[in-house]
Amino acid sequence: MQEEGVIKFDLQFSTSEPVACATLADLNAWRRILWQLQLIGQDPARYGGYGFGNVSQRMNDVNETSGKCRFIISGTQTGDLPQLDASHYAIVNEYDASTNRIVAEGPVRPSSESLTHGMIYEMDTDIRVVLHVHSPAIWTHADRLHIPVTDAAVAYGTPAMAAEVRRLFTDTDVRHKGILGMAGHEDGIVSFGTTAGEAGSVLLRSLAASLAAQELPD
């Protein structure tokens, strides 16, 4: 099994002050809901005891050199915390899937899924929030729920996963659905939307549908 939460990219990180708390209010509220539903968290019996799940939000400016967006993302191994504050978020200033590189700053290092978040933002400028959770129910029933999924051979947090995200946006209706499954990343589900509420609502509807599917015959 892959080690959950292990950073696989080349990270250039510098310590800096936290972002303003007000900027994160809606994102933090939904992150707290997801933690309460155990879609984000840390459990000694799951994934080798590593924390799981992360959330991010597009910033209003772009990197002047690359032209790509900057985004705020929860820090690596913060899944055990029931509620985050500004000190638990990093700013990703640059990302490049082709070179497996992240440039970030903040009081904490960014999530190991930062490349995946960056690629989703790159694929649609209207997307402002990305939520990555672990849901056995949704993941198991992704095909039945017609949720687009990445190739099972592709590991999380890698350039190959970023390429898979690009493929889904190009070849499937994932943009319309607002959710995707990571077939090679146990229980990994990602939703996205123009707001935290939109992305969170997609997750909750999918969770309800997956629980209903458990009651149906195969």
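**Close-up views of a predicted model**

**View 1. Helix α2 and its buried residues.** Ser114, Leu115, Thr116, His117, Gly118, Met119, Ile120, Tyr121 and Met123 are the buried residues of α2. Buried means under 20% relative accessible area, with exposed over 50% and partly exposed in between (1.4 Å probe, protein chains only). Helices (H or I, at least four residues) and strands (E, at least two) are DSSP runs, numbered from the N terminus. The model is predicted: local features need pLDDT of at least 70, side-chain atom pairs count only at pLDDT 80 or more, and totals for chains, interfaces and linings use all residues. Residues are numbered from 1 along each chain as its sequence is written, and side-chain values use heavy atoms, leaving out hydrogens and water.

**View 2. Arg46 in the loop between β2 (41–42) and β3 (51–52).** Arg46 is buried but has no salt bridge (side-chain nitrogen of Lys or Arg within 4 Å of a carboxyl oxygen of Asp or Glu). Asp187 is the nearest side chain of opposite charge, 4.3 Å away. Lys and Arg count as positive, Asp and Glu as negative; His and the chain ends are not counted. Beyond neighbours within four places in sequence, Arg46 is in contact with Gln38, Phe52, His134, Pro136 and Asp187. Contact means heavy atoms within 4.5 Å.

**View 3. Ser135 in the loop between β8 (129–134) and α3 (136–140).** Ser135 is buried, at 2% relative accessible area. Leaving out residues up to four places away in sequence, Ser135 touches Leu39, Asp187, Ile189 and Leu207. Its C-alpha atom is 9.9 Å from that of Val190, 55 residues apart along the chain.
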